[in-house]
Amino acid sequence: MPSTGSTKVVTTLGTFALLLFLFAQPMAATPSQPRIRVLILDGFSNHDWHQTTALLRGILEASGLFTVSVSTAPSTTASPGWEQWRPNFSDYDVVIQTCNDIGGGPSWPREVQIAFENYVRKGGRVLVFHSGNNAFPDWPVYNEMIGLGWRNKQQGEAITINSRERLLRIPSGQGENTGHDGRSDAVVYRLGDHPIHHGMPRAWKTPTLEIYYYARGPAKHMRVLSYGYDQHTLMNWPLEWTVRFGRGRVYSSTFGHVWKSDVQPPSLRCAGEQTLLLRTLQWLARPGDRCDPSRFSEATSIRPEIQTPGSAQ
């Protein structure tokens, strides 16, 4: 597990990491590389889904790389529009899924579930954004697509990372239900080399992160990209991972917590998290591309205040 000494070393890299991120912004789309079409799915969650969508749109639209649409699911099966809510996933390069049904939200209509499954299976790309990872425990195919989720200890395997950075599987029923210690400034440790992380530090610190311990699921066709050390269990747990489902790709992480009392949440003001968001969407949409900082514009830096729709300068 990471030692106190290694954590101090990582902390000293903070300035370097921030400078790297500040100059790691992609250039705007060009006629030869059109904007990536992104659909945000929202409508209900135990997190602040209204603010989450506004913050995501502000970050993505300010980059000049994306066109962003939003499809808002009715909050209950009795809400107006429930029978008409049928997103056309195939119109988009990447779908960002933020819904979760904790606290009484509905499962999606079965017709929408089937359409979503087929979209991914046939090559669709999905970014499961924070609270979306907590969603739909009774939807077996969704569990396959996300690999690991916020589940009880009977709902699949968990994965931990040992001191040699080897993945260890914890069988269903062993250990605890999924949980997290308090949100804290935590060190993110890269695991291996993935195009999303190309040119980034091997480790960096990010604010108010939730490290999920004992996230559970089928964990098949899955690659762990980074991990963090949890003070409750004294173990390392995945922070980012990808899953291959059919011909599609799904990315999940525990970054991006937005609670209902949050104002300009530090997690989404973090240069590292903003950079990861942009890079991940680019990689999902164009998996053959390397996310190479040498191709990025040094003229554009991440804004300390998150842009919301209509507020771009």
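1. Two strands are said to pair if DSSP finds at least two bridges between them; helices (H or I, at least four residues) and strands (E, at least two) are DSSP runs, numbered from the N terminus. In this predicted model, local features need pLDDT of at least 70 and side-chain atom pairs count only at pLDDT 80 or more, while totals for chains, interfaces and linings use all residues. Residues are numbered from 1 along each chain as its sequence is written, and side-chain values use heavy atoms, with hydrogens and water left out.

2. Strand β8 (residues 184-190) has an antiparallel partner in strand β9 (residues 203-209), with 5 bridges; in this pairing Ala186 stands opposite Thr206. Strand β8 also pairs in the antiparallel sense with strand β11 (residues 222-230), over 2 bridges, and there Tyr189 stands opposite Tyr227.

3. Of the 7 residues of β8, 5 are buried, so the strand is largely enclosed by the rest of the structure. Buried means under 20% relative accessible area, exposed over 50%, and partly exposed in between (1.4 Å probe, protein chains only).

4. The whole structure contains 14 aromatic pairs. Rings of Phe, Tyr and Trp (its six-membered ring) pair if their centres lie within 6.5 Å; planes under 30 degrees apart count as stacked, over 60 as edge-to-face and the rest as tilted. The ring centres of Trp108 and Trp139 are 5.7 Å apart with planes at 65 degrees, so this pair is edge-to-face. It links distant parts of the chain, 31 residues apart: Trp108 is in the loop between β3 (94-97) and α4 (110-121), and Trp139 in the loop between β4 (125-129) and α5 (140-146).

5. Trp108 is buried at a relative accessible area of 3%, and Trp139 is buried at 4%. The rings of Trp139 and Tyr142 have centres 5.1 Å apart and planes at 25 degrees, so they are stacked; Tyr142 is buried as well. One aromatic cluster comprises Trp85, Phe89, Trp108, Phe116, Tyr119, Phe136, Trp139 and Tyr142.

6. Asp101 lies in the loop between β3 and α4. Asp101 is buried yet has no salt bridge, that is, a side-chain nitrogen of Lys or Arg within 4 Å of a carboxyl oxygen of Asp or Glu. The nearest side chain of opposite charge, Arg151, is 6.7 Å away; Lys and Arg count as positive, Asp and Glu as negative, and His and the chain ends are not counted.

7. The side chain of Asp101 reaches the backbone nitrogen of Phe136 at 2.9 Å. Beyond its neighbours within four places in sequence, Asp101 is in contact (heavy atoms within 4.5 Å) with residues including Phe44, Pro106 and Phe136.

Key. Polar contact = N/O pair within 3.5 Å; in protein donor to acceptor, adjacent residues only side chain to side chain.
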